[in-house]
Amino acid sequence: MRHRSSIVVALCLLLIAAVQPVQAAKDGPDPIVVKDPHYGEVLFYFYQEDYFPAIVRLLAAQDQSRLDEHLDQAELLLGGLFLSYGHHLEAAKIFERLLADNVDTEIRDRTWFFLAKIWLQRGYIDESQKALSSLSDNLPENLWREAQMLQSQLYINSGQYDRAIALLQEWKGKTEWASYAKFNLGVALVRSGHVDAAALILDELGDLNPFNDELTSLRDKANLALGYSLLQDGQPLAAKEPLQRVRLEGPFSNKALLGVGWADAEVENYRRALVPWMELRGRDLLDSAVQESMLAIPYALAKLDSISQAADHYLNAIEAFYEEINRIDHTIGFIESGEIFEEFLADDPLDSTGWYWRLEELPEGPEARYLYHLLATHEFQEGLKNYRDLYYLHDNLDQWQESVGVYANMLETRLQAYNERLPRVEAALARADLDGMVDRKLEFDSLLNDIEQSNDWLALATKREFEMWGEIAGLENTPALVANIPEADEVSDKILLLKGVLQWRLERDFKDRLWRIRRDVRKTGEALVETQRSRRQIDDTMRNEPLRFEDLSSRVYGLGPRLDGMKLRVGETLAEQRSFLQSIAVGELQAQKQRLDIYTVQARFALAAIYDLAATVGEAGE
Amino acid sequence: MSKRLLISLVVSMLLALNVPSIAQETAPMDAAAAEAESRGEFRSLDEDVQDLKKQVLDLNRDLFLLEEELLFPANSQVAFFISMDVGEYFELDSVNLKIDGKEVANYLYTEREAGALVRGGVHRVHMANLKTGDHELIAVFTGTGPHVRDYRRGATVTFNKGIGAKYMELEITDRVKKQQPEFEIKEWE
């Protein structure tokens with residue numbers, strides 16, 4: 001059968017799925033023929049992105065040698081399926097083995113690229129670097145750029161700023177990737193202490209004319225980074241311009257407003273500083289910039305000698321921080337109860353598996369606002385993927401446990417039925433004397449041969465004809481016929497006539513009758529051969545069935561404990577994974593709480609200082 | 001309260017901000033050790049999950065084969081597969097199968113499944129245990145045909161079941177000359 005399936009196309013689809021929507025395989029290499037239905041069946045699940053069932057079917061088909069026509073393709077497909085399923089270590093084993101062979105170089109580079117990406121996301125830094133180092137120059141342009149970006153990220157993360165800078169400075173063009181590269185270059189320059197050089201890069205980026213949301217966000221980020229770098233470098237006036245370029249409603253606006261305030265405060269223009277800080281007052285207290293502004297405002301007011309107002313603001317801040325800490329404590333309790341992870345999966349049908357899955361929305365609830373930024377972190381997302389995959393595995397094992405229980409019952413029922421039927425079948429077989437029947441058939445053949453050779457037409461007479469022949473013979477021997485009277489002669493003539501007619505008819509029909517009888521005997525012989533074959537099958541079945549029952553029983557009963565053990569391990573790992581996710585989330589909340597604690601202490605300290613000052617002023621007045 | 005203290009807190013935010021925008025946010029420098037520990041813990045757990053995935057997949061393979069052998073022994077097994085070649089003139093909605101006059105399968109395809117067929121997937125729509133000898137298969141395909149019209153077509157075949165597993169292919173192809181779909185049932189080549 002012809003199908004537009006090509007393993008190269010399939011793999012390309014697999015390996016670009018994370019980058020762009022799956023596209024029809026129109027421009028790929030020549031189609032191949034699906035020669036094994038089981039291979040086509042794997043593709044059926046693969047094209048639906050149901051990677052788990054696709055892998056199971058592929059493994060089963062390989063085990064049964066059902067993919068003889070697609071051996072190499074199947075192995076490559078399995079690697080791709082493993083990769084898509086997030087089973088990256090097994091995928092790498094296959095690819096490392098296969099990619100050494102004569103595999104399309106583009107496939108090879110795509111594979112290394114995606115392995116590098118998965119490994120970086122999952123914290124397999126050395127492996128990721130090794131995969132990137134294996135790339136040749138056969139990646140499509142967009143993937144090649146992303147690979148360069150991954151490489152620069154690896155350099156930055158490992159503190160190799162000079163290498164990152166060298167790599168990023170070579171970046172040419174004005175694409176979206178070029179903007180990201182520029183930003184990363186700025187980051188690497190800042191971290192390596194080249195603030196002035198970084199400022200030029202970030203300033204250029206912060207002034208770009210964005211054509212989409214991502215670039216707008218990148219521009220804000222660059223302006224924010226530049227503004228704070230300048231602030232830190234003691235250039236508050238220069239810092240204001242980039243900070244004021246940040247959108248007022250974007251995700252970085254709070255920090256920008258805070259920074260603008262600090263730039264003014266640095267030059268002791270506290271009145272101007274209050275403007276952006278007051279704007280922050282009504283915003284979400286979850287943001288550290290908003291929290292900090294609650295201390296910055298009274299700080300500026302105190303500088304402006306509005307001591308009473310400053311005290312009020314400090315009191316408000318202490319109260320707000322206290323309430324926020326209580327809410328965080330409540331959220332920590334909720335996370336530690338584990339319910340939140342059940343809610344994550346409650347609306348998730350688990351009908352798709354794989355590395356491409358991401359949790360985009362948190363379950364509704366007061367806790368969600370504290371956890372949204374966690375979704376942006378690879379560690380949490382990848383951990384959640386693992387948690388979800390483990391949940392799927394647990395579910396899968398649950399279903400198999402039920403099925404295996406049913407199979408055990410089914411097997412026992414079959415065995416019982418077999419044992420009940422066996423004596424009856426044996427008795428029936430004993431009654432049926434097949435060998436005797438064959439002997440009789442052979443005797444019959446021999447008899448027919450004799451009849452044919454001796455032209456014994458009477459032997460093929462019907463019962464009625466034979467009786468008639470006997471009656472005629474009896475009449476011939478009647479004593480009265482030998483009496484010398486005319487009537488006797490007349491009767492003898494009639495008897496002779498009858499005998500002659502009968503003989504003539506028997507001789508006439510002899511060949512026809514012989515042919516019919518031989519045909520019937522031949523059919524009987526064929527039926528006997530068929531019966532003998534069936535008998536051999538029955539004998540085989542009777543001999544093999546107990547062995548088959550034994551084999552199936554040992555597999556069914558052997559798989560039961562294997563299932564139980566596996567389910568236990570999955571359950572334990574699920575709990576560990578949940579605990580890990582809890583520790584990330586709780587750790588994050590504890591950090592927020594700690595920051596609020598510090599702010600509270602600072603507010604109390606400042607308040608005490610104000611009260612002391614007021615008391616001192618009062619005493620001096622008296 | 002000193003201005004510097006507040007600025008120092010802001011700087012910590014700055015460090016968290018200075019990251020490649022396409023990549024994971026990097027923690028502040030003073031948290032590097034904690035991050036490394038967390039990464040180590042993640043990796044250790046991830047390796048456990050990888051190992052479990054492998055073992056559960058192997059177990060699923062064994063269970064899948066056991067189920068097949070138990071429910072459909074090779075001697076009596078007949079599998080019916082649906083495939084599509086091109087699929088320009090027909091969008092498949094459902095397939096109905098009758099073996100020896102008895103309805104055995106009535107499968108309704110989702111859009112995702114039909115798409116997978118068009119792209120070259122082969123769906124095992126039914127498995128049966130049949131005695132050796134001749135059997136009649138009737139397949140009725142329902143869907144949308146040329147000019148977006150409801151389309152219902154049947155195909156019949158008599159096939160002989162011998163000893164050993166048998167695979168039948170129900171193939172939907174395009175007859176370009178007539179601009180019509182064609183439905184064929186044949187033994188898998």
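**View 1. Order of elements in chain B.** From the N terminus, chain B of this predicted model runs α-α-β-β-β-α-β-β-β-β-β. That gives 3 helices and 8 strands. Both kinds of element are DSSP runs numbered from the N terminus: helices are H or I with at least four residues, strands E with at least two. Chain B has 189 residues, and 30% of them count as buried (20 or more other C-beta atoms within 10 Å of the residue's own, with C-beta atoms placed from the backbone; 12 or fewer is exposed, in between partly exposed). Of the contacts in chain B between residues at least 6 apart in sequence, 63% join residues at least 24 apart. A contact here puts two C-beta atoms, placed from the backbone, within 7 Å.

**View 2. The two domains of chain B.** Domain 1 covers 31-70 and domain 2 covers 74-187. Their C-alpha centres lie 38 Å apart. The bounds come from an automatic or database domain assignment.

**View 3. A four-stranded open sheet in chain B.** The strand order is β4-β1-β7-β8, with mixed pairing. Strands β4 (123-129) and β8 (180-187) of chain B are the edges, each pairing on one side only. Neighbouring strands are turned by 20° against each other on average, direction ignored. Two strands pair if DSSP finds at least two bridges between them. Strand β7 (residues 166-175) of chain B runs antiparallel to β8(B), joined by 8 bridges. B:L170 stands opposite B:I185 in β8(B).

**View 4. A helix across the sheet strands.** Helix α3 (residues 111-118) of chain B lies across β1 (77-85) and β4 of chain B. It runs at about 80° to β1(B). Axes are lines fitted to C-alpha atoms, for helices over the stretch in contact; angles run from 0 to 180 degrees between N-to-C directions.

**View 5. Helix packing in chain A.** Helices α8 (residues 141-157) and α10 (residues 176-191) of chain A pack at about 10°, with axes 11 Å apart. They are therefore roughly parallel (angles under 35 degrees). On α8(A), the contact is made by A:R145, A:M149, A:S152 and A:I156. On α10(A), A:W177, A:Y180, A:A181, A:N184, A:V187, A:A188 and A:R191 take part. By class, the contact has 7 nonpolar, 2 polar and 2 charged residues (nonpolar: Ala, Val, Leu, Ile, Met, Phe, Trp, Tyr, Cys and Pro; charged: Asp, Glu, Lys and Arg; polar: the others, Gly among them).

**View 6. A:L76 in helix α4.** A:L76 lies in helix α4 (residues 71-84) of chain A. A:L76 is buried because 25 other C-beta atoms lie within 10 Å.

**Notes.** Residues are numbered from 1 along each chain as its sequence is written, chains are lettered from A and ligands numbered from 1 in the order written. Local features need pLDDT of at least 70 and side-chain atom pairs count only at pLDDT 80 or more, while totals for chains, interfaces and linings use all residues.

Technical notes. Angles under 35 degrees count as roughly parallel, over 145 as roughly antiparallel, 65 to 115 as roughly perpendicular and the rest as oblique.
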